[in-house]
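The entries follow the order in which I went through it.

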Amino acid sequence: MSDETFMRRALELAQRGAAAGEVPVGAVVVVDGRIVGEGWNRPIAACDPTAHAEIQAMRAAAAALGNYRLAGAALFVTLEPCDMCLGAMFHARIERAVFGATDPKKKILKPQTAVRGGVLAGECGALLTAFFAARR
């Protein structure tokens, strides 16, 4: 199947979102030429700011495959992914991402978000170090 075929399915899913009053974005995760996860924007319906189409599709794919790592997978989405979704794709080890429309309003960390780092850094770091040391 071609990229266009998978993007057409993502467009169908985006139309579901539009019908529900959500921003019309759809996504599919493909492994070995078959769709293993689908999603469309649902932040309003789910009362969940992370319920973007890509996240929904990756969650469905991970559940279907029984693994949160989606190595070798391709993700098709009708709109250029936001930074949150790109981060999730990175952590899921998505191999390839294909998007339709570019997002002219895409922003990195909006200015109204205050960020402070280093609070209990030693303790936080020690917990992570101990966890990974025990696994190796």
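**Entry: Q56**

I began with Q56, which I found in helix 3. The model is a predicted one, and I read each value below with that in mind. I then listed what Q56 touches, leaving aside neighbours within four places in sequence: E38, G39, W40, R42 and A51.

**Entry: A60**

I stayed in helix 3, where A60 also has its place. A60 has a relative accessibility of 30% and therefore counts as partly exposed. I looked up its contacts beyond four places in sequence and noted V36, G37 and E38. One of these, V36, is 24 residues from A60 in sequence, and I read a C-alpha to C-alpha distance of 7.3 Å for the pair.

**Entry: I55**

My next residue in helix 3 was I55. I noted a relative accessible area of 9% for I55, so it is buried. Not counting residues up to four places away in sequence, I55 touches T50, M84, C85 and A88. I also looked up the pair I55 and V28, which are 27 residues apart along the chain; their C-alpha atoms are separated by 10.0 Å.

**Entry: helix 3 against helix 4**

I wanted to know which residues of helix 3 meet helix 4. On the helix 3 side I wrote down E54, I55 and M58; on the helix 4 side, M84, C85, A88, M89 and A92. Two packed helices are described by the angle between their axes and the distance between the axes, and I looked up both. The axes of helix 3 and helix 4 come within 9 Å and cross at roughly 20°. Angles under 35 degrees count as roughly parallel, so helix 3 is roughly parallel to helix 4. For the handedness, I noted that helix 3 passes helix 4 in a left-handed crossing.

**Entry: the nonpolar cores**

I asked how many residues the largest nonpolar core has. The count is 19, and the residues with the most contacts inside this core are V29, M58, L70, A73, L75, M89 and I94. I then checked which elements contribute: strand 1 (26-31), helix 3 (53-65), strand 3 and helix 4 each supply at least two residues. Helix 3 gives the largest share of this core, six residues. Another core lies apart from it; this one has nine residues, including M7, A74, F76 and V98.

I went back to A73 for its contacts. Beyond four places in sequence, A73 touches V29, V30 and V31, and also I94, E95 and R96.

**Entry: E80**

I located E80 in the loop between strand 3 (74-79) and helix 4 (83-92). What does the side chain of E80 reach? I found the backbone nitrogen of D103, at 2.9 Å. D103 is also on the list of residues that E80 touches, along with F99, A101, T102 and K106, not counting residues up to four places away in sequence.

**Entry: two positive phi values**

I noted R93, with phi near 65°. R93 has its place in the loop between helix 4 and strand 4 (96-101). Its relative accessible area is 41%, so R93 is partly exposed.

I also noted L120, with phi near 50°. This residue is in the loop between strand 4 and helix 5 (121-135). L120 has a relative accessible area of 52%, and over 50% is exposed, so L120 counts as exposed.

**Entry: the chain as a whole**

I left the overall figures for the end. The protein chain has five helices and four strands, and I read their pattern along the sequence as α-β-β-α-α-β-α-β-α. The C-alpha trace spans about 50 × 40 × 25 Å along its principal axes. Of the 136 residues in the protein chain, 30% are buried.

Conventions:
Residues numbered from 1 in each chain as written. Predicted model: local features only at pLDDT ≥ 70, side-chain atom pairs only at ≥ 80, totals over all residues. Heavy atoms only, no water. Polar contact = N/O pair within 3.5 Å; in protein donor to acceptor, adjacent residues only side chain to side chain. Contact = heavy atoms within 4.5 Å. Core = buried A, V, L, I, M, F, W, Y, C linked by side-chain atoms within 4.5 Å. Buried < 20%, exposed > 50% of the residue type's maximum accessible area, 1.4 Å probe, protein only. Axes fitted to C-alpha atoms, helices over the stretch in contact; angles between N-to-C directions. Parallel < 35°, antiparallel > 145°, perpendicular 65-115°, else oblique. Left-handed = near helix turned anticlockwise from the far one by under 90°.
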